[in-house]
Amino acid sequence: MKKLSGRFVRTAVFVLAVSLLLTCFAVSASAASYRQGDSGDTVVTIQTKLKRWGYYTGAVDGIYGSSTVSAVKYFQRANGLTEDGVVGAATLRALGMEGGGTTNSATNADVALLAKVISAEARGEPYSGQVAVGAVILNRVNNPSFPSTIAGVVYEPGAFTCMVDGQIDQPVADSAYQAARDALNGADPSGGALYYFNPDTATSAWIWSRPLITVIGKHRFCA
């Protein structure tokens, strides 16, 4: 058996070391989570989103303290997530901070149209409810049973009350633009819903038959 050269051995060891390093980095990245005691820019982003959506009332200081833990648990409970106070992969996705973002491919027209529908359908609702309405539209875009574009979903006959009663042409609330961007970034307080309705005004037996996912403000969000 031919003896391996020292250069070959050194090269093999180097390649193995790099492979192990990349593997460890990938595992670490995929397992990223934030919990009490952490601090930094990501915690600032978490606090900002929770505060904007009405889950957090503390200071946005980048320190993951007990108030942030309580807010995270509140958000998790409202969105059907494991209520552990830790912002892991699932909670990051629900906050629109990991995966599923579509902002880069969304046009200004997409943002404007999404904001118009959010404003018309959810004006006066909690901010998380506005984001949830936008998320429902995007969930439909990604579902094969619906049109594959935002405009296609919005203009589908009878899909949204605001397209029938003229509310779509009302001035757009400033919060609706931010809600549209958050939804496009992947935030989904609806928990993956395809439908929503106001139980005080809904008369369709079919919509009442849809499985309930969550309730935000005056809207029931359903599968």
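In the predicted model described here, the side chains of D182 and R52 are joined by a polar contact of 2.9 Å, where a polar contact is a pair of N or O atoms within 3.5 Å, one of which, within protein, must be able to donate a hydrogen and the other to accept it, with residues adjacent in sequence counted only if both atoms are side-chain atoms. Residues are numbered from 1 along each chain as its sequence is written. Because the model is predicted, local features need pLDDT of at least 70 and side-chain atom pairs count only at pLDDT 80 or more, whereas totals for chains, interfaces and linings use all residues; side-chain values use heavy atoms, with hydrogens and water left out.

D182 lies in helix α9, helices being DSSP runs of H or I with at least four residues and strands runs of E with at least two, both numbered from the N terminus. D182 counts as buried because its relative accessibility is 3%; the classes are buried under 20% relative accessible area, exposed over 50% and partly exposed in between, for a 1.4 Å probe and protein chains only. With residues up to four places away in sequence set aside, D182 touches K49, R52, W53, Y127, V131 and A187, contact being defined as heavy atoms within 4.5 Å. V131 is 51 residues from D182 in sequence, and the C-alpha atoms of these two residues are 6.7 Å apart.

Helix α9 (residues 174–184) packs against helix α5 (residues 108–122) at an angle of about 115 degrees, with the axes 8 Å apart. Axes are lines fitted to C-alpha atoms, for helices over the stretch in contact, and angles run from 0 to 180 degrees between N-to-C directions. Helix α5 contributes V111, A112, L114, A115, I118 and S119 to the contact, and helix α9 contributes A176, Y177, A179, A180, R181 and L184. These residues comprise 10 nonpolar, 1 polar and 1 charged, under a scheme in which Ala, Val, Leu, Ile, Met, Phe, Trp, Tyr, Cys and Pro are nonpolar, Asp, Glu, Lys and Arg are charged, and the others, Gly among them, are polar.

Within helix α5, S119 has a relative accessibility of 2% and is therefore buried. Beyond four places in sequence, S119 is in contact with P171, V172, A173 and A176. S175, in helix α9, is partly exposed, with a relative accessible area of 28%. The C-alpha atoms of S175 and S119 are separated by 8.0 Å, although the residues are 56 apart along the chain.

One of the pairs, Y55 with Y74, is edge-to-face, at 4.9 Å centre to centre and 75 degrees between the planes. Y55 lies in the loop between α2 (41–52) and α3 (66–78), and Y74 in helix α3, 19 residues apart. Y55 is buried at a relative accessible area of 10%, whereas Y74 is partly exposed at 40%. The rings of Y196 and F221 form a tilted pair, because their planes stand at 35 degrees with the centres 5.7 Å apart. This pair links strand β1 (residues 195–197), which holds Y196, to strand β3 (residues 219–222), which holds F221, across 25 residues. Both Y196 and F221 are buried. Y55, Y74 and F75 are linked into a cluster by ring pairs.

Notes: Rings of Phe, Tyr and Trp (its six-membered ring) pair if their centres lie within 6.5 Å; planes under 30 degrees apart count as stacked, over 60 as edge-to-face and the rest as tilted.
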